[in-house]
Amino acid sequence: MKRPLKGKVVTEAVDKGERVTDAGIIILDDDGKDIGVRPRWFKVLQTHPEEEEDISAGDYVLVEHGRWTRKINHDQEDFWIVESKSIMAKSEHLPKSV
């Protein structure tokens, strides 16, 4: 896979399906409308060289709701192109809440 353009990050989804909080509250998955509207965690696969100072391959990033809609398929796997400006947080480890 080639490197993404400046301002873009190639990711894979790690935050799929509904979630249940520690308190037992069920957070529904997204239906494309208004149910389950929430930010999602993704694992960074590739970045543009100018992005690598802040975000690196292997990082986990929290992305604003709906900002991962550009799905690509490569070697029969789905990946999402995310704009780096839509990344709200990053972590070196997958957060427990996922």
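Which residue stands opposite Tyr 60 in S5? Lys 43 does. The model behind this report is predicted.

## Strand S5 and its side chains

Strand S5 covers residues 60–63. In a regular strand the side chains alternate between the two faces of the sheet. S5 shows two such sets. Tyr 60 and Leu 62 point one way. Val 61 and Val 63 point the other way. All four of these residues, Tyr 60, Val 61, Leu 62 and Val 63, are buried.

## Pairing with S4

Strands of a sheet pair through backbone hydrogen bonds, either parallel or antiparallel. Strand S4 spans residues 40–47 and pairs with S5 in the antiparallel sense. Four bridges link S4 and S5. Arg 40 has Val 63 of S5 as its bridge partner. Lys 43 stands opposite Tyr 60.

## Pairing with S8

S5 is also joined to strand S8, residues 87–91. S5 and S8 run antiparallel, and four bridges join them. Within S8, Lys 90 is the bridge partner of Val 61.

## The whole sheet

S5 belongs to an open sheet of six strands. The order is S6-S7-S1-S4-S5-S8, and the pairing is antiparallel. S6 (70–74) and S8 stand at the edges. Each has a single partner strand, so one side of each is left without a neighbour in the sheet. From one strand to the next, the twist averages 40°.

Terms used: Residues are numbered from 1 along each chain as its sequence is written. This is a predicted model: local features need pLDDT of at least 70, side-chain atom pairs count only at pLDDT 80 or more; totals for chains, interfaces and linings use all residues. Side-chain values use heavy atoms; hydrogens and water are left out. Buried means under 20% relative accessible area, exposed over 50%, partly exposed in between (1.4 Å probe, protein chains only). Two strands pair if DSSP finds at least two bridges between them. Axes are lines fitted to C-alpha atoms, for helices over the stretch in contact, and angles run from 0 to 180 degrees between N-to-C directions.
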